[in-house]
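We will go through it one piece at a time.

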Amino acid sequence: MSRFISRLIGFGLAIGFLLGGAAFATEPNPTETGQAEPPAQSFGTEAQGAGPQPDLAYGAFQRGYYLSAFAIATKDAGTGDSAAQTLLGQIYEHGYGIPQDFKKSASWYELASQAGDREAQYRLGLFYLDGLGVATSREKAAHYFKLASDKGQSKAAYNLGLFYLEGDIFEKDFEKAAALFQIAAKANNGDAQYALALMYKRGQGVDQDNAKAASWFRNAALSGHLPAQIELAIMVFNGIGTPKDEAQAALWFKQAAQSGNAVAMNRLARLYAAGLGVPTDPIEAGKWHIRARKAGISDLWLDGFLESLDQKAQEEALARAYPKQSDQATALVNEPEPQAEKPQ
């Protein structure tokens with residue numbers, strides 16, 4: 001038992017973003033997701049820095065009357081209305097009612113950006129980052145993120161913070177990154193909350209503070225951020241920066257596991273095997289271990305635990321893991337032993 005506990009307590013996620021592996025904040029492409037309605041955080045959800053609101057155009061857009069919105073916005077954009085220009089950029093970007101055209105979208109975002117529209121500046125930054133309608137340029141992406149961030153665009157602030165962490169476009173500066181993450185985190189950006197929590201946990205750019213780390217991990221976890229749920233579960237399990245509560249830790253691991261996170265599946269399996277935070281349940285332990293192993297997380301300790309169960313229990317664990325494949329239980333339970341678990 002002590003070996004099990006030491007492995008769980010010693011577990012730490014290998015988070016890539018402080019080493020340059022974080023994903024920039026972006027939005028789904030409706031051509032990939034099949035999205036038919038405007039994005040939840042589309043144009044007009046944050047106060048604009050300049051220009052009048054295209055009330056009629058955006059009102060039509062919100063109701064799904066995209067061609068009407070396009071016609072009204074086109075007329076208004078010709079008079080220099082930056083908000084209408086931004087709306088046209090979004091309509092072309094997502095192909096709402098008209099053929100998708102990234103080049104035309106970028107052109108409208110450029111016009112609106114020149115007029116100081118922060119949403120257009122943020123979107124144009126993403127275009128330069130991904131090479132949509134323009135030649136890829138991280139320098140220009142950073143430039144537009146900074147313009148938008150200076151006007152209070154929270155997702156741009158998060159992306160700009162990542163540039164300061166990487167030290168590629170700007171000189172590496174953890175303090176500036178943390179300050180930018182703070183802005184975005186207070187605007188309920190889950191990625192920024194997670195990033196800020198990691199910085200408090202490690203004392204990078206801010207004074208090391210486990211309580212603040214746990215608090216920001218919790219905020220991000222509540223928004224559905226899977227890595228934050230795991231980090232929070234670890235801190236709660238060990239009582240670091242927050243009261244120790246094995247049952248609550250198990251709930252966070254379970255939530256992340258049910259969302260498909262293989263690391264959480266592995267940790268939850270160990271909790272069920274040891275009866276920590278949950279009642280001891282060998283079959284549930286086996287179920288989550290099988291799922292984690294299928295997802296690429298091997299664990300020799302849990303392999304041995306599963307093999308120690310009788311054949312009926314092993315088959316039940318597999319049936320719970322894959323209800324539609326329960327007839328293959330015997331073959332899968334006796335699958336070749338996976339490789340030893342690699343350090344996380």
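In which helix is Asp-130 found? Asp-130 is in helix 7, where helices (H or I, at least four residues) and strands (E, at least two) are DSSP runs, numbered from the N terminus. With a relative accessibility of 44%, Asp-130 counts as partly exposed; buried means under 20% relative accessible area, exposed over 50%, and partly exposed in between (1.4 Å probe, protein chains only). Asp-130 and Ala-141 are eleven residues apart in sequence, and their C-alpha atoms are 8.9 Å apart in space.

A word on how to read these values. This is a predicted model, in which local features need pLDDT of at least 70 and side-chain atom pairs count only at pLDDT 80 or more, while totals for chains, interfaces and linings use all residues. Residues are numbered from 1 along each chain as its sequence is written, and side-chain values use heavy atoms, with hydrogens and water left out.

Now step back to the whole chain. The chain has 19 helices and zero strands, and 49% of its 344 residues count as buried. Taking contacts (heavy atoms within 4.5 Å) with a separation of 6 or more, 54% are between residues 24 or more positions apart.

Let us return to helix 7 and look at a partner. Two packed helices are described by the angle between their axes and the distance between the axes. Helix 5 (residues 82-94) and helix 7 (residues 118-130) pack at an angle of about 35 degrees, their axes 9 Å apart. Here axes are lines fitted to C-alpha atoms, for helices over the stretch in contact, and angles run from 0 to 180 degrees between N-to-C directions. Helix 5 contributes Thr-86, Glu-93 and His-94 to the contact, and helix 7 contributes Glu-119, Ala-120, Arg-123 and Phe-127. By class, the contact has two nonpolar, two polar and three charged residues (Ala, Val, Leu, Ile, Met, Phe, Trp, Tyr, Cys and Pro count as nonpolar, Asp, Glu, Lys and Arg as charged, and the others, Gly among them, as polar).

Next, the aromatic rings. Rings of Phe, Tyr and Trp (its six-membered ring) pair if their centres lie within 6.5 Å; planes under 30 degrees apart count as stacked, over 60 as edge-to-face and the rest as tilted. By this rule there are 15 aromatic pairs. One of them is the edge-to-face pair of Phe-61 and Tyr-96, at 5.5 Å centre to centre with 75 degrees between the planes. Phe-61 is in helix 3 (residues 55-62) and Tyr-96 in the loop between helix 5 and helix 6 (102-114), so the pair links parts of the chain 35 residues apart. Both Phe-61 and Tyr-96 are buried.Phe-102 and Phe-127 also form an edge-to-face pair, 6.0 Å centre to centre with 85 degrees between the planes. Phe-127 is buried, with a relative accessible area of 1%, while Phe-102 counts as partly exposed at 21% relative accessibility. Elsewhere, ring pairs join Tyr-122, Phe-145, Phe-163, Tyr-164 and Phe-170 into a cluster.

Finally, find Asn-188 in the loop between helix 10 (174-186) and helix 11 (190-202). Most residues other than glycine have a negative phi. Asn-188 is not a glycine, yet has a positive phi of about 70 degrees. At 62% relative accessibility, Asn-188 counts as exposed.
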